[in-house]
Amino acid sequence: MKVSEIIDRLGITTFDLATDPEILGVTPIEATEPQMLSYIEGSKFAAQIATTTASALVLPLDASLQQQATDRGIAWIADAQPRKLFAQVIALFYQPFRLSAGIHPTAVIDPSVVLGDAVAIGAHVVIAAGAKIGSGVCIHPNVVIYPDAQIGDRTVLHANCTIHERTEIGPDCVIHSGAVIGAEGFGFVPVPEGWFKMEQSGSVVLEAGVEVGCNSTIDRPALGTTHIRRNTKIDNLVHVGHGCQIGENCILAGQVGLAGAVEVGNRVIMAGQVGIVDHVKIGDNVIASAKAGVHHDIEAGAIVTGIPAIPHKLFVKATAVFNRLPEMYQSLRKIQKQLDNL
Amino acid sequence: MKVSEIIDRLGITTFDLATDPEILGVTPIEATEPQMLSYIEGSKFAAQIATTTASALVLPLDASLQQQATDRGIAWIADAQPRKLFAQVIALFYQPFRLSAGIHPTAVIDPSVVLGDAVAIGAHVVIAAGAKIGSGVCIHPNVVIYPDAQIGDRTVLHANCTIHERTEIGPDCVIHSGAVIGAEGFGFVPVPEGWFKMEQSGSVVLEAGVEVGCNSTIDRPALGTTHIRRNTKIDNLVHVGHGCQIGENCILAGQVGLAGAVEVGNRVIMAGQVGIVDHVKIGDNVIASAKAGVHHDIEAGAIVTGIPAIPHKLFVKATAVFNRLPEMYQSLRKIQKQLDNL
Amino acid sequence: MKVSEIIDRLGITTFDLATDPEILGVTPIEATEPQMLSYIEGSKFAAQIATTTASALVLPLDASLQQQATDRGIAWIADAQPRKLFAQVIALFYQPFRLSAGIHPTAVIDPSVVLGDAVAIGAHVVIAAGAKIGSGVCIHPNVVIYPDAQIGDRTVLHANCTIHERTEIGPDCVIHSGAVIGAEGFGFVPVPEGWFKMEQSGSVVLEAGVEVGCNSTIDRPALGTTHIRRNTKIDNLVHVGHGCQIGENCILAGQVGLAGAVEVGNRVIMAGQVGIVDHVKIGDNVIASAKAGVHHDIEAGAIVTGIPAIPHKLFVKATAVFNRLPEMYQSLRKIQKQLDNL
């Protein structure tokens, strides 16, 4: 594909097309294959323009970087959101593997299942009674769907994942390999003889555009729903407990864990290995740093860090002092001695 | 089902049956469907009696709450353990999906496998030589059982879980989707050239009533057993290392991790993301707070928090001061200056 | 097997063969079956020689322990690396279950797949177009392999694991049950309307001798590779983000998480639940203690602990003071008062 075609297809308005090289693919800036397109994130990486073998670059709206590329005879395209533009270019050259429409003969599908148009169902998939599968859905091999689940149009279920009874997955979702959606919440009532099981009669609802990472688990509650709103993205090995309510456009990074009935606003970001205690409420736009342990409600817009989580700025200051605690302890003893000697 | 029938079936002795409504199901207290039964946990939620649309309530033994319900003409049943009673009521209206007895024709079962009565084996299940499957066992689709495993009566194995060689699972257990029981422990001997594999010839034993959450992993040791005693409940994404010994009626919440050869007493509670270092001994009734990192033996009855874990009360006090470290540091400098100026 | 045969087969040069008992198997030192071989790690366990029922022992090069064993008439073998020797002895008596060579009739293998000699492919395995499977490979039931993956000679894939498109797994690797290798990295570009997906066109490369634990996940990047070098061992429930580069002979213990593009040297050890922030560089021979949170580059040979991770020795000292913070706070107030009263 020529750079001019990329420009046409993406409607790019800022570019240098002095050369119009044929592009074969997209690479990291340090790779050395010829006829490739690559990406410079910002002026920090300016030096790499001098050495790259890329034939074309995605650049930010930075006149100096653009001039450098032009000087080396490298075609470039630029945008105020260069990272998004680069993602768009990748998508021109690469689309992930999808099964072709059709039902593999080894799939076991209950006769009551309602199938949309152009569904692709792989080998050894099992779909139980009452399930509804939307149009354009792609179900990779060895997926198991329990009774009465609903899968929205164009949603992709990767290999070996399990969708439990009554789960409702919206359109354009991706459930990655090994994820388990809608299994029983961890509900046990303490009684003198041990633990009495509370059956989990609720269900899980994922709205449009939700992604759930590999081997992540989202449990259903005793009553009502565990609900994840549209376009929220969940990474691998994340646990969402029974009855959680998660807003739109949130990011839950790898190994995050939410205990039961947590309420999360919109556009919240939880970095890796964050943990949230049950029944906590997290406001819109909160950022929880990696490994934060959240025990109390967090107001909208806060950035929190630490175990237990406190405002990020305070954590940074307190941690700086923590590292000096041994010398502080000595100072304190010395002061006490000085004082006693007065 | 009429409330009077619920009372009969559960042998309830404290109730108001002035009205005897027909109940269609069980809901959260804030839901608004008609003819539902709901639950008030304690006086903190008293205000909700005034507004609920529920036709019947489960209440604690609290005369004031009971009077409020009676005044609104809401039938109620009460018990000293209201949460357990509510769980019992849910179980009258809801039972989780189980396969009907029978063996799906796509299951691959070695001829040497011994099957109990009324087993239910789903599509694409694989059971290797020498396994013994008890009566009433339910094995959901795509489960794999390695050679010589034993599954006790009435145990349920959910979809896509894997039971490794020689594992013994007792009766009335539930292994949730994607869990892996009895895989090789992580045993490597450091040698000058790297790591030398120690084969894991032991096995995993789960006693009666144990539950293992989705995608959790319980490894077998080089020698002997990894042993989990009766009625211990394990949540999702938990890792139990090779050779651990866990007592009865313990709770391991989501993403807890136990390194090898940890010994845990009875009725121990580990909150989410707790980690226990190898060979540590945890006494009966210990509570480890969320994210605690336990590096040393913990005596029976202790409540521990923090990394490394210390007594919970000390942690709370020390943390309160941690948040004031920046001001403490300033105070110390000021004092030093005052002192130097004397 | 007689002890003399063990000595012959392993080429052992230090031993006492006064008796040459027939050994039936290998047990923990405290077990009581007869005709067993067991292991004494060092002088700390000397007392157990007096009481063990083992017929033979693996001992370190410790004359006193050896004399004790001789005095009790217990045959022994000894080595400068006794733990390795014990692992070698276990391997004489025990080898983990492997499928016999052959392809189960229920496996679904695309005609374009290239199969080596003596492959063993279990029931319900699915292998997509373009995959290459080396000689002696063992693929347990219900594994799914996406298009164009390569599996090296003698590698074992356990049940229910998933190998995604273009993944290259070297020879002599073990991928444990439920692991997912090569799925899409978690790549989303923040844009005003939410998150824009960056397709992940790269792949995962595992070199020879790598092990990946149960339900662990190793993601592929947008461009280039996620690369794990030879003999690195990864435990259960570990997350390796897109684009990470991990050296040789590393150990990643249970529930470790690496965000994207982390660079790890050779012989690095990460204890359980360690987390590494994206783009961090970890030098050779680094040890990160359990639960450490690494936010900055770590130089070769360092031992780090804490969140954020600091040198281990400093952490131990600072933590000791942390536990005394409440009393320090009181001291400081008292000193201030004393000073004010001067």
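**View 1. Strands β30 and β33 of chain C run side by side.** Here β30 (residues 257-258) and β33 (residues 275-276) of chain C lie parallel, joined by two bridges. Look for Leu258(C): its bridge partner in β33(C) is Ile276(C). Strands are DSSP runs (E, at least two residues), helices likewise (H or I, at least four), both numbered from the N terminus. This is a predicted model, where local features need pLDDT of at least 70 and side-chain atom pairs pLDDT 80 or more, while totals for chains, interfaces and linings use all residues. Residues count from 1 along each chain as its sequence is written, with chains lettered from A and ligands numbered from 1 in the order written.

**View 2. The open sheet of chain C.** Zoom out and you get 10 strands with parallel pairing, in the order β7-β10-β13-β16-β19-β24-β27-β30-β33-β36. Pairing takes at least two DSSP bridges between two strands. At the edges sit β7 (108-109) and β36 (293-294) of chain C, each pairing on one side only.

**View 3. Chain A meets chain B.** On show are 55 residues of chain A in contact with 52 of chain B (contact: C-beta atoms, placed from the backbone, within 7 Å). On the chain A side, α6(A) gives the most, six residues. That side has 31 nonpolar, 18 polar and six charged residues (Ala, Val, Leu, Ile, Met, Phe, Trp, Tyr, Cys and Pro are nonpolar; Asp, Glu, Lys and Arg charged; the others, including Gly, polar).

**View 4. Chain C meets chain A.** This contact takes 55 residues from chain C and 53 from chain A. Elements supplying at least two residues each on the chain C side include β19 (180-184) and α5 (312-322).

Note on methods
Two residues are in contact if their C-beta atoms, placed from the backbone, lie within 7 Å.
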